[in-house]
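Morning, everyone. Let me take you through one protein, piece by piece. Have a look at it before I start.

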Amino acid sequence: MDHKLSVLVQIDLNGTYVRLTVTGCLTEANQHVLYPLIRRARTLITPVAVSVDLTAAGHVEPTAVDLLRWAFDHDETRDGSSPVELLVPHGLPGHRSAPDRTDRRLEAPEPWAA
C-alpha cells in the first residue's frame, strides 16, 4: 500500500492563522515528517494560530494522531504564543479492505454429511 502524504499550507494575509491541510495517508511511519512543517508554520508570524486539518485525509491511523499530539505537548521550543489546533475527522478513516478476489466457482464443493 502506498502511504503518501500531501500538505497544502494556507497563510492568512493578515497574519492571524496558518492552516495545513493534509491529504493522502497519515500513518505511524510518516507522521514525523508533518511536525517540522508545523514548527515552521509557528515561526512564520508570531503569534499565529496554526491548524492542522486532517479531515481531507483518505487514511488516518489513530497512533499517528497520538504521536503528533505528543510532539505538540513535548515541544521544548514552543513558547505558547502560537497554539496548534488538530482537526481530526469524526471516526478516523481507514483503508477499505480489498475485495475478495477468490473465485468461489473453483473451490471444491463441501462433502455432504453422512
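Which residue in β2 is the bridge partner of Q10? It is R19. Keep R19 in mind, as I will return to it. One caution before that: this is a predicted model.

Now the overall layout. The protein has two helices and five strands. Follow the sequence and you read β-β-α-β-β-α-β. There are 114 residues, and 30% of them count as buried. Take the contacts between residues at least 6 apart in sequence: 68% of those join residues at least 24 apart. The accessible surface is about 8,000 Å², and carbon and sulfur atoms account for 54% of it.

Back to the strands. β1 and β2 run antiparallel, with seven bridges joining them. Together they form a hairpin, with five residues between the strands. Look for G15 in that hairpin: its phi is positive, near 75°.

Next, R19 again. How many salt bridges does a search of the whole structure find? One. It links the side chains of R19 and D53, at 2.9 Å from N to O. R19 sits in strand β2 and D53 in strand β3, so this pair ties together parts that are 34 residues apart in sequence. Are the two partners buried or exposed? D53 has a relative accessible area of 8%, so it is buried. R19 is at 26%, so it counts as partly exposed. The cut-off for buried is under 20%.

Let's go inside. The largest nonpolar core has 20 residues, and L34 and I38 touch the most other members. Who supplies this core? β2, α1, β3 and α2 each give at least two residues. The largest share is from α2, with five residues. Now zoom in on L34. Setting aside residues up to four places away in sequence, L34 touches V7, L20, V22, L26, V52 and L68.

Two of those names come back with Q31. Where is Q31 found? In the loop between β2 and α1. Its relative accessibility is 11%, so Q31 counts as buried. Leave out neighbours within four places in sequence, and Q31 is in contact with L26, A64, L67 and L68. L26 and L68 are also on the list for L34.

Here is another loop residue. D75 lies in the loop between α2 and β5. At a relative accessible area of 10%, D75 is buried too. What does D75 touch, not counting residues up to four places away in sequence? Y35, R39 and R42. Take R39 from that list. D75 and R39 are 36 residues apart along the chain, yet 9.1 Å separates their C-alpha atoms.

Last stop, the surface. V9, I11, L44 and I45 make a nonpolar patch of about 300 Å². V9 belongs to strand β1, which covers residues 5-11.

A core of 20 residues, where L34 and I38 touch the most other members. One salt bridge in the whole structure, between D53 and R19. Thanks, and I'm happy to go back to any part.

How values were computed: Residues numbered from 1 in each chain as written. Predicted model: local features only at pLDDT ≥ 70, side-chain atom pairs only at ≥ 80, totals over all residues. Heavy atoms only, no water. Core = buried A, V, L, I, M, F, W, Y, C linked by side-chain atoms within 4.5 Å. Buried < 20%, exposed > 50% of the residue type's maximum accessible area, 1.4 Å probe, protein only. Helix = DSSP H or I, 4+ residues; strand = E, 2+ residues; numbered from the N terminus. Contact = heavy atoms within 4.5 Å. Patch = residues over 30% accessible without salt bridge, like charges linked within 9 Å, V, L, I, M, F, W, Y side chains within 5 Å. Areas by Shrake-Rupley, 256 points an atom, 1.4 Å probe, with all protein chains shown as cover. Salt bridge = Lys/Arg side-chain N within 4 Å of Asp/Glu carboxyl O. Pairing = 2+ DSSP bridges.
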